[in-house]
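Please open the model in your viewer and keep the selection tool at hand.

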Amino acid sequence: MNLKVKIAIVIIALVHLSIGIARKSTHGIAHHRLVRLHTVLITSTAMLMTSYYIWKRVNLAIKSLLPGPNPVGNRRLRLLCLQDIAQALLLLFLFLSHIALFFYYILLGPEPNVIAITSLSFIAAYAHILLFLFIADIFFYATKLIHHKVSPNSVHTYLHENRNYHILLAVLLGFMFMFGGLYTTHTDPVVRNANIPMKRFTANGGNVSIALLSDVHIGPSVGRTRIARIVELTNTLNPDIIAIAGDLADGLVRDFHGAAEPLCNLKAPGGVYFATGNHEYMHGNVTEWFWFLENCNITILHNQNKHITLNGQKLCIAGADDLFAVRAHVPGHGMDLRKALSTCDTDSTNVLLAHQPNAANEVLKNRELSQKVNLILSGHTHGGQMYPFVPIVHIANAFVRGQYYHKASDTYVYVSAGVNYFGPPIKIFGGCEIIFITMT
């Protein structure tokens, strides 16, 4: 290891140590802005190793499959080296992937910046390419071990002879998934209909509809045009109630108020309601967003509820702070399910907004609370957002996506994959959705 590398490692270590010390001495919003910055730096540091791996593998294929400099022939053709061009493009791709997360701090405005969108899209391709290269290497080295230690086999011979093509295939697949995800996020969200029976509805009353929006994620890759279209689609459904189940924005009001303004046009006779998600505490000032939404006539359910009568049915719409709020140490914030449901009676139909499905599970595990609630509306999981993450969200969450029924309490849970996405504008096919629930 040369001196320059050692100096770079020491500098990186000192930066991380300094931020770690600063994190210990701050609280609330300032603390989580530091946590956010530190997470970006940790991710960038880890990506140095994975980028070196990608560079070594893809460069191997470039040198083997593309022609190098031609010492003879036309002078202009001698200067045109396909290997150099491919390597330059690879370096540009890796560089843009590395700086993607920094666009949560720079070039912010009402509409996404082109460089930010490109960079954030590339980080999705980066993740897929890394995964496919790992899979290719696992097969390669596993068959190599068998080939040398157990018995020669034709599988390893095939993989060895075509290794460069498999590396190229990994790159192409990574970009295919990226473009497929871009198509999903740049087309209208899917409207999914659900009919849920409510045992406390009176026979002489009518049905009540709810439009569920979760994971709006206004930020560097979600701008005003996208939000305006979501609002237009939601209003077209003519819902009785609109529920925004957390993760509204990934930044400050001063940066994204222009993008968020179309939310003021959401209309529903029973009201528009909002409960926090984890990103309200991680990426911005939750109090400022409360002020913004209140000015838009959106009701904040901050461990609170509101009683309404709609179409002859008595309802209690409740909302709890996100599970993450306790860890955020923002004064006055923290999930309090008892407080949120405190005045919801057993003779009304009670709907709870709880951003994380694991919060819904907390309700269902508590006999007293679960008997109060008829329907829980959640988001958070994004349905995995990208295919490699789908198994992870199944492991980490009590409920993942769609409609669930808890027989012991006769309570329904609906988990939305979200109307938008976090970070890379990439999502699984059909993953952006507006949920239209008809309570019957």
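How far apart do the end C-alpha atoms of residues 164-183 lie, and what percentage of the span is helix? Select residues 164-183: the end C-alpha atoms lie 29 Å apart, and the span is 100% helix and 0% strand. Helices and strands here are DSSP runs, numbered from the N terminus (helices H or I, at least four residues; strands E, at least two).

Before continuing, note that this is a predicted model, in which local features need pLDDT of at least 70, side-chain atom pairs count only at pLDDT 80 or more, and totals for chains, interfaces and linings use all residues. Residues are numbered from 1 along each chain as its sequence is written, and side-chain values use heavy atoms, with hydrogens and water left out.

**Stop 1: the annotated spans.** An unreviewed UniProt entry places the feature "transmembrane region" at residues 38-55, 85-108, 114-143 and 164-183. UniProt positions are given in the numbering used here, feature names are shortened, and annotations may be inferred rather than shown by experiment. Select residues 38-55 next: this span is 100% helix and 0% strand, with its end C-alpha atoms 25 Å apart.

**Stop 2: a salt bridge.** Show the side chains of Arg57 and Asp137, which meet in a salt bridge at 2.7 Å, N to O. The term denotes a side-chain nitrogen of Lys or Arg within 4 Å of a carboxyl oxygen of Asp or Glu. Arg57 lies in helix H2 and Asp137 in helix H5, so the pair ties together parts that are 80 residues apart in sequence. By this rule, the count comes to 12 salt bridges.

**Stop 3: the two domains.** Colour domain 1 (3-68 + 80-185) and domain 2 (190-439) separately; the bounds come from an automatic or database domain assignment. Their contact (heavy atoms within 4.5 Å) takes 29 residues from domain 1 and 39 residues from domain 2.

**Stop 4: the interface.** How many salt bridges are counted between domain 1 and domain 2? The count is 0. On the side of domain 1 that touches domain 2, helix H2 (28-65), helix H5 (114-149) and helix H7 (163-185) each supply at least two residues.

**Stop 5: the second annotation.** Finally, select residues 209-383, which UniProt lists for "domain: Calcineurin-like phosphoesterase" in an unreviewed entry. Over residues 209-383 the chain is 33% helix and 22% strand, and the end C-alpha atoms are 23 Å apart.
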